[in-house]
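Welcome to this structure! Here are some notes to read alongside the sequence and the 3D view.

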Amino acid sequence: MKKIQLLSAVNASIAGNIGADLLAAAILEKPDCLLGLATGSTPVPLYHALIAKHQAGQLDFNQVRSVNLDEYVGLKGDHPQSYRYFMNEVLFSKINIRQENTKVPDGIAADQNACCEAYESQIKAWGGIDYQLLGIGQNGHIGFNEPAAVFSRRTQVVALTASTREANKRFFDRLEDVPTHAITMGIGTIMTARKILLVCTGEQKAEILEKSLFGEIDPQVPASVLQLHRRLTVVADEAALSTIRLKHPEAF
Ligand code: PGA
(Lines give C-alpha, C1' and ligand atoms only; values in the text may rest on other atoms or scores of the structure.)
Protein backbone atom coordinates (compact mmCIF):
# COMPACT_ATOMS: atom_id res chain seq x y z
CA MET A 1 0.00 0.00 0.00
CA LYS A 2 1.17 3.52 -0.75
CA LYS A 3 2.41 5.32 2.35
CA ILE A 4 0.09 8.13 3.36
CA GLN A 5 1.64 11.46 4.20
CA LEU A 6 0.67 11.59 7.84
CA LEU A 7 1.72 14.55 9.97
CA SER A 8 1.26 14.35 13.72
CA ALA A 9 0.62 17.28 16.02
CA VAL A 10 0.55 17.26 19.80
CA ASN A 11 -2.83 18.93 19.91
CA ALA A 12 -5.57 20.50 17.78
CA SER A 13 -4.03 23.94 17.89
CA ILE A 14 -0.70 22.69 16.52
CA ALA A 15 -2.58 20.66 13.90
CA GLY A 16 -4.19 23.95 12.88
CA ASN A 17 -0.79 25.62 12.60
CA ILE A 18 0.58 22.83 10.42
CA GLY A 19 -2.50 22.90 8.19
CA ALA A 20 -2.29 26.69 7.88
CA ASP A 21 1.37 26.44 6.86
CA LEU A 22 0.41 24.05 4.06
CA LEU A 23 -2.40 26.26 2.76
CA ALA A 24 -0.25 29.39 3.12
CA ALA A 25 2.45 27.76 1.00
CA ALA A 26 -0.15 27.03 -1.68
CA ILE A 27 -1.31 30.66 -1.65
CA LEU A 28 2.25 31.99 -1.85
CA GLU A 29 2.95 29.68 -4.77
CA LYS A 30 -0.27 30.59 -6.59
CA PRO A 31 -1.81 33.84 -5.31
CA ASP A 32 -5.07 33.25 -7.20
CA CYS A 33 -5.43 29.63 -6.13
CA LEU A 34 -8.83 28.05 -5.61
CA LEU A 35 -9.19 26.67 -2.09
CA GLY A 36 -11.87 24.16 -1.17
CA LEU A 37 -12.92 25.05 2.37
CA ALA A 38 -14.68 23.23 5.16
CA THR A 39 -16.79 24.11 8.19
CA GLY A 40 -17.20 22.40 11.56
CA SER A 41 -15.04 22.56 14.66
CA THR A 42 -11.93 20.96 13.16
CA PRO A 43 -10.82 23.75 10.80
CA VAL A 44 -11.29 26.57 13.32
CA PRO A 45 -7.69 26.49 14.71
CA LEU A 46 -6.40 26.35 11.14
CA TYR A 47 -8.48 29.40 10.19
CA HIS A 48 -7.20 31.24 13.28
CA ALA A 49 -3.65 30.48 12.21
CA LEU A 50 -4.34 31.75 8.68
CA ILE A 51 -5.82 34.95 10.11
CA ALA A 52 -2.72 35.43 12.29
CA LYS A 53 -0.50 35.12 9.22
CA HIS A 54 -2.64 37.63 7.38
CA GLN A 55 -2.56 40.07 10.29
CA ALA A 56 1.22 39.70 10.47
CA GLY A 57 1.39 40.81 6.85
CA GLN A 58 2.57 37.40 5.64
CA LEU A 59 -0.45 36.31 3.65
CA ASP A 60 -2.51 38.15 1.04
CA PHE A 61 -5.94 36.78 0.10
CA ASN A 62 -6.73 39.50 -2.42
CA GLN A 63 -6.73 37.12 -5.37
CA VAL A 64 -7.58 33.89 -3.56
CA ARG A 65 -10.86 32.18 -4.45
CA SER A 66 -12.75 29.66 -2.41
CA VAL A 67 -15.53 27.12 -2.73
CA ASN A 68 -17.02 25.53 0.34
CA LEU A 69 -17.87 21.89 0.58
CA ASP A 70 -21.47 22.13 1.66
CA GLU A 71 -24.46 24.00 3.01
CA TYR A 72 -27.66 23.09 4.82
CA VAL A 73 -30.79 23.11 2.69
CA GLY A 74 -33.30 25.63 3.99
CA LEU A 75 -30.92 27.96 5.81
CA LYS A 76 -30.29 31.43 4.43
CA GLY A 77 -26.78 32.84 4.42
CA ASP A 78 -27.61 35.10 7.35
CA HIS A 79 -28.83 32.22 9.53
CA PRO A 80 -26.25 31.78 12.33
CA GLN A 81 -26.03 28.04 11.70
CA SER A 82 -25.63 28.32 7.94
CA TYR A 83 -22.22 27.54 6.63
CA ARG A 84 -22.11 30.82 4.70
CA TYR A 85 -22.57 32.66 7.99
CA PHE A 86 -19.90 30.48 9.65
CA MET A 87 -17.37 31.21 6.92
CA ASN A 88 -18.07 34.94 6.99
CA GLU A 89 -17.77 35.08 10.77
CA VAL A 90 -14.85 32.74 11.34
CA LEU A 91 -12.66 33.54 8.36
CA PHE A 92 -13.77 35.78 5.50
CA SER A 93 -14.49 38.92 7.55
CA LYS A 94 -11.03 38.67 9.13
CA ILE A 95 -8.93 38.41 5.97
CA ASN A 96 -8.82 40.39 2.74
CA ILE A 97 -10.53 37.80 0.53
CA ARG A 98 -13.09 39.38 -1.81
CA GLN A 99 -16.63 38.33 -0.99
CA GLU A 100 -17.38 37.72 -4.67
CA ASN A 101 -14.47 35.27 -4.75
CA THR A 102 -16.04 33.08 -2.06
CA LYS A 103 -18.72 30.55 -2.95
CA VAL A 104 -20.86 28.43 -0.64
CA PRO A 105 -23.73 26.36 -2.09
CA ASP A 106 -27.03 28.24 -1.91
CA GLY A 107 -29.16 26.48 0.68
CA ILE A 108 -32.33 28.26 -0.37
CA ALA A 109 -32.07 28.04 -4.15
CA ALA A 110 -35.51 27.53 -5.67
CA ASP A 111 -34.08 25.06 -8.16
CA GLN A 112 -31.62 23.00 -6.17
CA ASN A 113 -30.49 20.82 -9.05
CA ALA A 114 -29.66 23.88 -11.14
CA CYS A 115 -27.79 25.26 -8.15
CA CYS A 116 -25.70 22.06 -7.93
CA GLU A 117 -24.88 22.22 -11.64
CA ALA A 118 -23.96 25.89 -11.38
CA TYR A 119 -21.63 25.07 -8.48
CA GLU A 120 -19.78 22.49 -10.57
CA SER A 121 -19.56 24.98 -13.46
CA GLN A 122 -18.15 27.61 -11.13
CA ILE A 123 -15.42 25.26 -9.92
CA LYS A 124 -14.54 24.49 -13.54
CA ALA A 125 -14.62 28.15 -14.57
CA TRP A 126 -12.19 28.90 -11.76
CA GLY A 127 -9.81 26.25 -13.07
CA GLY A 128 -10.51 23.47 -10.58
CA ILE A 129 -9.71 23.18 -6.90
CA ASP A 130 -6.03 23.54 -6.08
CA TYR A 131 -6.21 22.55 -2.43
CA GLN A 132 -9.19 20.97 -0.72
CA LEU A 133 -9.42 21.13 3.05
CA LEU A 134 -11.47 18.39 4.69
CA GLY A 135 -12.66 17.37 8.13
CA ILE A 136 -14.13 13.95 8.71
CA GLY A 137 -17.39 12.98 10.40
CA GLN A 138 -17.53 10.24 12.99
CA ASN A 139 -19.29 8.09 10.41
CA GLY A 140 -16.55 8.78 7.87
CA HIS A 141 -18.40 11.40 5.89
CA ILE A 142 -16.51 14.06 3.97
CA GLY A 143 -18.48 17.13 3.11
CA PHE A 144 -21.97 15.78 3.66
CA ASN A 145 -21.29 12.63 1.68
CA GLU A 146 -22.76 10.11 4.06
CA PRO A 147 -22.10 6.33 4.07
CA ALA A 148 -23.80 4.95 0.95
CA ALA A 149 -23.88 2.11 -1.54
CA VAL A 150 -21.73 4.02 -4.03
CA PHE A 151 -19.35 6.98 -3.94
CA SER A 152 -21.26 10.07 -5.02
CA ARG A 153 -20.09 11.83 -8.13
CA ARG A 154 -20.90 15.52 -8.27
CA THR A 155 -22.47 18.29 -6.20
CA GLN A 156 -25.91 17.18 -5.11
CA VAL A 157 -28.67 17.39 -2.51
CA VAL A 158 -28.40 14.69 0.14
CA ALA A 159 -30.39 13.55 3.14
CA LEU A 160 -28.44 13.75 6.39
CA THR A 161 -28.16 10.61 8.48
CA ALA A 162 -29.58 10.49 11.99
CA SER A 163 -26.02 10.27 13.38
CA THR A 164 -24.90 13.41 11.55
CA ARG A 165 -27.95 15.34 12.68
CA GLU A 166 -27.31 14.14 16.20
CA ALA A 167 -23.64 15.18 16.01
CA ASN A 168 -24.57 18.64 14.73
CA LYS A 169 -27.41 19.17 17.17
CA ARG A 170 -24.96 20.89 19.53
CA PHE A 171 -25.15 23.98 17.34
CA PHE A 172 -28.96 24.17 17.34
CA ASP A 173 -31.54 24.59 20.09
CA ARG A 174 -33.27 21.30 19.35
CA LEU A 175 -32.71 18.25 17.15
CA GLU A 176 -35.86 19.20 15.18
CA ASP A 177 -34.13 22.42 14.13
CA VAL A 178 -31.22 20.59 12.48
CA PRO A 179 -31.93 20.55 8.73
CA THR A 180 -32.67 17.16 7.20
CA HIS A 181 -30.91 17.85 3.90
CA ALA A 182 -27.80 19.53 2.61
CA ILE A 183 -26.11 20.42 -0.67
CA THR A 184 -22.67 18.90 -0.84
CA MET A 185 -19.86 18.63 -3.33
CA GLY A 186 -19.74 15.01 -4.46
CA ILE A 187 -16.92 12.62 -3.67
CA GLY A 188 -16.03 12.87 -7.35
CA THR A 189 -15.80 16.65 -7.06
CA ILE A 190 -13.57 16.40 -4.01
CA MET A 191 -11.30 13.87 -5.70
CA THR A 192 -10.66 16.24 -8.62
CA ALA A 193 -8.79 18.61 -6.27
CA ARG A 194 -5.08 18.72 -7.08
CA LYS A 195 -4.17 18.38 -3.41
CA ILE A 196 -6.21 17.36 -0.40
CA LEU A 197 -5.56 18.18 3.24
CA LEU A 198 -7.51 16.14 5.77
CA VAL A 199 -7.39 17.52 9.29
CA CYS A 200 -8.57 15.27 12.09
CA THR A 201 -8.47 15.96 15.80
CA GLY A 202 -9.88 14.42 18.96
CA GLU A 203 -10.11 10.95 20.39
CA GLN A 204 -13.65 10.46 19.09
CA LYS A 205 -12.23 10.42 15.54
CA ALA A 206 -9.43 7.90 16.22
CA GLU A 207 -11.31 4.81 15.05
CA ILE A 208 -12.84 6.29 11.93
CA LEU A 209 -9.51 7.82 10.92
CA GLU A 210 -7.82 4.43 11.15
CA LYS A 211 -10.64 2.77 9.24
CA SER A 212 -10.61 5.45 6.55
CA LEU A 213 -6.88 5.38 5.92
CA PHE A 214 -6.10 1.70 6.46
CA GLY A 215 -9.38 -0.14 5.93
CA GLU A 216 -11.16 -1.27 2.79
CA ILE A 217 -12.01 1.40 0.24
CA ASP A 218 -15.74 1.30 0.76
CA PRO A 219 -18.51 3.86 0.13
CA GLN A 220 -19.86 2.93 3.57
CA VAL A 221 -16.77 4.78 4.82
CA PRO A 222 -16.77 7.73 2.40
CA ALA A 223 -13.36 9.06 3.51
CA SER A 224 -11.73 5.76 2.56
CA VAL A 225 -11.79 6.96 -1.06
CA LEU A 226 -9.01 9.37 -0.09
CA GLN A 227 -6.58 6.44 -0.11
CA LEU A 228 -6.82 6.71 -3.90
CA HIS A 229 -5.82 10.37 -4.05
CA ARG A 230 -2.28 11.00 -5.23
CA ARG A 231 -1.63 14.07 -3.15
CA LEU A 232 -3.33 13.56 0.19
CA THR A 233 -1.83 14.97 3.38
CA VAL A 234 -3.35 14.07 6.73
CA VAL A 235 -2.69 16.27 9.74
CA ALA A 236 -3.95 14.80 12.99
CA ASP A 237 -3.42 15.31 16.67
CA GLU A 238 -2.19 12.58 18.99
CA ALA A 239 -5.70 11.84 20.26
CA ALA A 240 -7.00 11.19 16.74
CA LEU A 241 -3.90 9.14 15.92
CA SER A 242 -4.20 6.79 18.88
CA THR A 243 -5.78 3.86 17.01
CA ILE A 244 -3.35 4.20 14.10
CA ARG A 245 -0.37 4.25 16.47
CA LEU A 246 -1.66 1.06 18.05
CA LYS A 247 -2.50 -0.85 14.86
CA HIS A 248 -0.03 0.62 12.35
CA PRO A 249 3.11 1.79 14.11
CA GLU A 250 4.91 1.45 10.77
CA ALA A 251 2.84 4.35 9.40
CA PHE A 252 5.09 6.87 11.17
P1 PGA B 1 -16.31 18.55 13.07
O2 PGA B 1 -17.09 18.04 11.80
O3 PGA B 1 -15.07 19.20 12.56
O4 PGA B 1 -17.22 19.54 13.73
O5 PGA B 1 -16.01 17.36 13.91
C6 PGA B 1 -16.40 17.39 10.80
C7 PGA B 1 -17.38 16.84 9.80
O8 PGA B 1 -18.49 16.47 10.18
O9 PGA B 1 -17.02 16.77 8.61
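Which residues line the largest cavity? Point 2 has the reply, after a word on the model.

1. This is a predicted model, in which local features need pLDDT of at least 70, side-chain atom pairs count only at pLDDT 80 or more, and totals for chains, interfaces and linings use all residues. Residues are numbered from 1 along each chain as its sequence is written, and side-chain values use heavy atoms, with hydrogens and water left out.

2. The largest cavity is lined by Ala-38, Thr-42, Pro-43, Leu-46, Leu-133, Leu-134, Gly-135 and Val-199. A cavity here is a set of points, on a 1 Å grid over the protein atoms alone, where a 1.4 Å probe fits but cannot get out; lining residues have an atom within 4 Å of a point. Six of these lining residues are nonpolar, two are polar and none is charged (Ala, Val, Leu, Ile, Met, Phe, Trp, Tyr, Cys and Pro count as nonpolar, Asp, Glu, Lys and Arg as charged, and the others, Gly among them, as polar).

3. A volume is the space filled by probe spheres set on the points, with grid points joined across faces, edges and corners.

4. Now to the largest pocket, whose volume is about 660 Å³. A pocket is an open set of grid points with protein on both sides within 12 Å along at least five of seven lines. Its lining counts 33 residues, and Thr-39, Gly-40, Ser-41, Asn-168 and Arg-170 lie nearest the centre. Strand E4 (70–72), helix H3 (83–90) and helix H5 (162–168) are the elements that give two or more residues to this lining (helices, H or I with at least four residues, and strands, E with at least two, are DSSP runs numbered from the N terminus). H5 gives the largest share, four residues.

5. The ligand sits in the largest pocket, meaning that more than half of its atoms lie within 2 Å of the pocket's grid points. Around the ligand are Gly-40, Ser-41, Thr-42, Gly-135, Ile-136, Gly-137, His-141, Arg-170 and Lys-205, each with a heavy atom within 4 Å of it. This shell has one nonpolar, six polar and two charged residues.

6. Polar side-chain atoms of His-141 and Lys-205 each lie 2.7 Å from an oxygen atom of the ligand. A polar contact is a pair of N or O atoms within 3.5 Å.

Key:
Polar contact = N/O pair within 3.5 Å; in protein donor to acceptor, adjacent residues only side chain to side chain.
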